[in-house]
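Here is a short briefing on one chain. Please look over the sequence and the structure before reading on.

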Amino acid sequence: MSSLSRNSRIDNIKGVLIFLVVFGHLIELHIAGAHVLHSVWLFIYSFHMPMFALVSGMFSKASLDEKQSNQLVKNVVIPLVVFEIFYEGLELLLKGNLSVYSGLFAPYWMLWYLLSLLSWRLLLPMFSRLQFPVMIALGVSLVASYSESTGYFLSISRTLSFFPFFLLGWKMGPGFFDGGKKRLAFVSVPVVAIAITASFLLRSDFDYRWLYGSYSLNRLGMANVTGTAYQIAQYLVSLTVGMACLHLLSLRNWGLAQIGQRSMYVFLWHGLALIVLQQTGMLNEIFKLDHALALVIAVIASAIIVWLASHPWCEAMTQKLLLKPMSWLFIKAQGVSMPTPPKTMDVKVSTLEP
């Protein structure tokens, strides 16, 4: 791994994280009554989105000049708008009405992350001027969790919940995992092993809604000091388990750098793949099988989705048919004499960072 560049190291990590996103969503609706699937899902959700926020923060800048603003529009705003229209249109076509998210004034399903990422990036210049930005963001998140005005609306709750991880990633910087020390594996391996074991030992009635970051303490039935203590414990668990996993992933080349570089396309398109599997009944058939066999098939299906969505042809198709046609609507041309938009105006979306 030492021969890999800094970005290759992180791209390998993102390749694993985006696979976990797809796999977690694929099994999510079928974990009830399936102890193995439920336990694996709990382990994944204990750290994967906090770590995605952290990695996104590692490559974010505290400035918001013209160049950074253009990048933010191209990498986040345009994909968010285009795929919001795409998925809501698909819902209308399949079910005759818009999704439940539209009624909540929330981004469609997994697209919450793009709106949150936009919010984090806009907040970063201000929080970078504060003395203790991570702790302040954590305090804001804990206080806001008592309010019923957050929740799914405009992804406010998740934006606040995962913002401390984004800021922590920004403080760490992109070189944090350079020269990963193998000797630290004697700490990371037991941490991950304990986390996996704990996921299997948790009571079956454990309220998994804590892991979403989208529910207030009132809705969780614990709007008190104990609820806040639970939240702090969850932050500590997510950070400890997540950093242990990322450290182990940084120690070797997993051959997933190409997938990590195109993680945005996997993120944007895996929802369509899962909708197809659900609508055709294939997903239900998979989880009628023995739980162990269903787990294996789910892993294979997730790997296929990731491979297809991260293929260069998928990137080219997405750019040509969806993203670039919308760029003229969002990005101001720098000159009127040019017959075509300059090269710098191409909508380049290769990662989950602005």
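Where is the place of Phe-176? In this predicted model, Phe-176 sits in the loop that runs between α8 (156-172) and α9 (185-201).

**Overall fold**

- The chain has 15 helices and zero strands.
- Its C-alpha trace spans about 65 × 50 × 50 Å along the principal axes.
- The radius of gyration is 20 Å, which agrees with the value near 20 Å for a compact globule of 354 residues.
- Of the 354 residues, 50% count as buried.
- Take the contacts between residues at least 6 apart in sequence: 83% of them join residues at least 24 apart.
- The accessible surface comes to about 17000 Å². Carbon and sulfur atoms account for 67% of that surface.

- Is Phe-176 buried, partly exposed or exposed? Phe-176 has a relative accessible area of 44%, so it is partly exposed. The partly exposed class lies between the 20% limit for buried and the 50% limit for exposed.
- Leaving aside neighbours within four places in sequence, Phe-176 is in contact with Met-58 and Met-243.
- His-247 is 71 residues from Phe-176 in sequence. In space, the two are 9.9 Å apart, C-alpha to C-alpha.

**Nonpolar surface patch**

- A nonpolar patch on the surface is formed by Leu-289, Leu-293, Val-296, Ile-300, Ile-304, Trp-307, Leu-308, Trp-313, Met-317 and Leu-321. Together these residues have about 950 Å² of accessible area.
- Two or more patch residues come from each of α14 (291-309) and α15 (312-330).
- Which element gives the largest share of the patch? Helix α14 does, with six residues.
- Ile-304, one of the patch residues, lies in helix α14. Ile-304 counts as partly exposed because its relative accessibility is 45%.

**Ser-327 in α15**

- Ser-327 has its place in helix α15, an element that also gives residues to the nonpolar patch.
- Is Ser-327 buried or exposed? Its relative accessible area is 11%, so Ser-327 is buried. The cut-off for buried is under 20%.
- The side chain of Ser-327 reaches the backbone oxygen of Lys-324 at 2.7 Å.

Conventions. Residues are numbered from 1 along each chain as its sequence is written. This is a predicted model: local features need pLDDT of at least 70, side-chain atom pairs count only at pLDDT 80 or more; totals for chains, interfaces and linings use all residues. Side-chain values use heavy atoms; hydrogens and water are left out. Patches are made of residues with over 30% relative accessible area and no salt bridge: like charges are joined within 9 Å, nonpolar side chains (Val, Leu, Ile, Met, Phe, Trp, Tyr) within 5 Å. Accessible areas come from the Shrake-Rupley method with a 1.4 Å probe; for residues, only the protein chains shown count as cover. A salt bridge is a side-chain nitrogen of Lys or Arg within 4 Å of a carboxyl oxygen of Asp or Glu. Helices (H or I, at least four residues) and strands (E, at least two) are DSSP runs, numbered from the N terminus. Buried means under 20% relative accessible area, exposed over 50%, partly exposed in between (1.4 Å probe, protein chains only). A polar contact is a pair of N or O atoms within 3.5 Å; within protein, one must be able to donate a hydrogen and the other to accept it, and residues adjacent in sequence count only if both atoms are side-chain atoms. Contact means heavy atoms within 4.5 Å. The radius of gyration is taken over C-alpha atoms; the globule rule is 2.2 Å times the number of residues to the power 0.38.
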